[in-house]
Amino acid sequence: MYQQMIFVNLAVTDVDVSKKFFTELGYTINAQFSDENCASVVISDTIVAMLLNKQRYADFTKKEIADSTKTSEVLICLSAESREKVDELVDKAVAAGGSETRDPQDYGQMYGRSFDDPDGHTWEVMWMDPAVVQG
């Protein structure tokens with residue numbers, strides 16, 4: 001059965017710094033789709049973050065590239081299988097050079113935290129109680 005994928009393209013300042021950051025979070029780099037201008041970060045079977053230096057990113061848009069340290073251009077939210085996994089990923093991100101962007105959000109059946117990567121892109125990580133998701 002076909003599973004639709006998402007490729008999140010993000011402009012980064014330094015591809016090598018970004019690769020190091022995301023591999024420290026436990027993700028892998030797909031070398032087949034990576035070079036000195038971009039890194040293909042495999043988050044899951046259906047989610048890939050394409051981290052492109054600003055020159056390469058500009059090949060795909062006529063718009064001005066946002067300074068993600070000053071402007072929010074996108075909020076990326078990843079699910080986690082448990083509250084503990086939320087904490088684990090955000091703690092890894094902070095240890096790898098990211099920064100936590102706000103206090104944890106705890107709604108009982110839903111729990112989340114957020115971090116900014118070295119380029120200022122905001123990544124949210126959240127867990128939802130499976131019983132609530134299934135209705």
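Helices here are DSSP runs of H or I with at least four residues, strands are runs of E with at least two, and both are numbered from the N terminus.

A word on what you have loaded: this is a predicted model, where local features need pLDDT of at least 70, side-chain atom pairs count only at pLDDT 80 or more, and totals for chains, interfaces and linings use all residues. Residues are numbered from 1 along each chain as its sequence is written, and side-chain values use heavy atoms, with hydrogens and water left out.

**Helix α1**

Now select all of α1, residues 15-24, and pick out Val15, Ser18, Phe21 and Phe22, which are buried. Look down the axis: the buried residues fall within an arc of 125 degrees, so they line one face of the helix (the arc is taken from the directions from the helix axis to the C-beta atoms). Show what covers them: β1 (6-12), β3, β4, α3 (83-95), β8 (110-116) and β9 (122-128) are included, where contact means heavy atoms within 4.5 Å.

Zoom in on the N-terminal end of α1. Asp14 caps it, with a side-chain oxygen 2.9 Å from the backbone nitrogen of Asp16. Then hop to just after the helix, where Gly26 takes a positive phi of about 100 degrees.

Next up is β3, residues 38-42. Because 4 of its 5 residues are buried, this strand is largely enclosed by the rest of the structure. Thr28 stands opposite Val42 in β3.

Then bring in β4 (residues 47-53), also antiparallel to β3, over 5 bridges. Find Ser40 and you'll see Met50 of β4 opposite. The turn-off between β3 and β4 is 4 residues, and the two strands form a hairpin.

**The largest pocket**

Last stop: select Tyr27, Ser79, Ala80, Lys85 and Leu89, which lie nearest the centre of the largest pocket among its 15 lining residues. β5 (75-79) and α3 are the elements that give two or more residues to that lining, and α3 gives the most, with 4.

Terms used: Buried < 20%, exposed > 50% of the residue type's maximum accessible area, 1.4 Å probe, protein only. Pairing = 2+ DSSP bridges. Polar contact = N/O pair within 3.5 Å; in protein donor to acceptor, adjacent residues only side chain to side chain. 1 Å grid on protein atoms, 1.4 Å probe; cavity = no way out; pocket = protein on both sides within 12 Å on 5 of 7 lines; lining within 4 Å.
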